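Please keep the sequence and the model at hand while reading.

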Amino acid sequence: MRLAIVGNGKMGRAVAELAAERGHVVHAIIGREENASGAALTRERLAGVDAAIEFTRPDAVVTNLERLIEAGVPTVTGTTGWGTELPRIARLVEARRGALLHAANFSVGVHLFLRAARDLAARFAGRPEFDSFILEEHHAAKVDASGTAAALRRSLREADPAREFPITSVRAGSIPGTHVVTYDGPHDTVALSHVARSRRGFAAGAVAAAEWLPGRPGVHDFEEMLFGGAG
Ligand SMILES: NC(=O)c1ccc[n+]([C@@H]2O[C@H](COP(=O)([O-])OP(=O)(O)OC[C@H]3O[C@@H](n4cnc5c(N)ncnc54)[C@H](OP(=O)(O)O)[C@@H]3O)[C@@H](O)[C@H]2O)c1
């Protein structure tokens, strides 16, 4: 496949490396300097591209998606922090018969972890002697809250709506991403954790999504790709 990568940061570079290893052609890596207000995302610049992979910033992603969809390019985005704009972007995708796949987390392990967390929450439901909480840890440069922690909380509350599952965040060092749900009782502690060891897992998921997306119009998420939308 011929892929355009939007965003030349930590994830953009990891995706470019993974894509090349998987035998794809990296058509362009488009960074911020040439892309003010999505200016580089034109039909001409993207001619021949099968899919775009976007990893930028919360303040840039929505314009980038608008431009990519208008240009008719199936787009995968992993940028976080723009969920409130999703309904508007979804209407644009529909109007243009475009294809978009978004995920706050492209790790296969995380999505299995979310399902395991839901099962765990069902087991602990109705046991008030255990307190529960979520801890998420990321590198110091992460600017927004963890979308994965929010997804984890939603999964847990689906199984046990009576609990709040408060989230504590740590921003320090170079941590690629750690999420832990803990149940702490008077005599023991139970914890389920997912620890990302590097960004390559996220990059591999994003490249797999770009391989899956062309020919599938509409708005999709990674769960749907992995599990076919089954609950
Ligand atoms: N879904 C997942 O699995 C996953 C995994 C990791 C991270 N993320 C998310 O992905 C996003 C990127 O993460 P990262 O670690 O790669 O961050 P990063 O290292 O800060 O990279 C972001 C890059 O986007 C560039 N940029 C800003 N505006 C742009 C524009 N209009 N066009 C093109 N590039 C632009 C930035 O350039 P400047 O530095 O010049 O501003 C920077 O190089 C964040 O939202 C993060 O939370 C998601």
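Predicted model: local features only at pLDDT ≥ 70, side-chain atom pairs only at ≥ 80, totals over all residues.

Helices here are DSSP runs of H or I with at least four residues, numbered from the N terminus. With that in place, helix 4 (108–124), helix 5 and helix 7 (222–227) can be named as elements that each supply at least two residues of the lining of the second largest pocket.

The ligand is surrounded by 25 residues. The closest of them are Met 11, Arg 32, Asn 35, Thr 80 and Phe 106. Sorted by class, this shell holds eight nonpolar, eleven polar and six charged residues. Two helices, helix 1 (10–21) and helix 2 (58–70), each contribute at least two residues to the shell.

Some contacts can be given atom by atom. In the side chain of Thr 80, an N or O atom lies 2.7 Å from an oxygen atom of the ligand. The backbone also takes part: an N or O atom of the Ala 103 backbone is 3.0 Å from a ligand nitrogen atom, and a polar backbone atom of Asn 105 is 3.4 Å from a nitrogen atom of the ligand. The ligand taken alone exposes 930 Å², and 83% of that is buried by the protein.

Which pocket does the ligand take up? The space taken by the ligand is the largest pocket. This pocket contains about 1100 Å³ of space. Its lining consists of 42 residues, and those nearest the centre are Met 11, Phe 55, Thr 56, Arg 57 and Thr 79. Helix 2 gives the most, with five residues. By class, the lining of the largest pocket comprises 13 nonpolar, 21 polar and eight charged residues.

The second largest pocket has a volume of about 670 Å³. It is lined by 25 residues, and His 102, Ala 104, Gly 147, Ala 151 and Arg 154 are the closest to its centre. Which helix gives the most to this lining? Helix 5 does, with seven residues. The lining of the second largest pocket divides into nine nonpolar, ten polar and six charged residues.

Key: Residues numbered from 1 in each chain as written. Heavy atoms only, no water. Near = heavy atom within 4 Å. Polar contact = N/O pair within 3.5 Å; in protein donor to acceptor, adjacent residues only side chain to side chain. Areas by Shrake-Rupley, 256 points an atom, 1.4 Å probe, with all protein chains shown as cover. 1 Å grid on protein atoms, 1.4 Å probe; cavity = no way out; pocket = protein on both sides within 12 Å on 5 of 7 lines; lining within 4 Å. Sits in = over half its atoms within 2 Å of the grid points. Nonpolar A, V, L, I, M, F, W, Y, C, P; charged D, E, K, R; others polar. Points joined across faces, edges and corners; volume = space filled by probe spheres on them.
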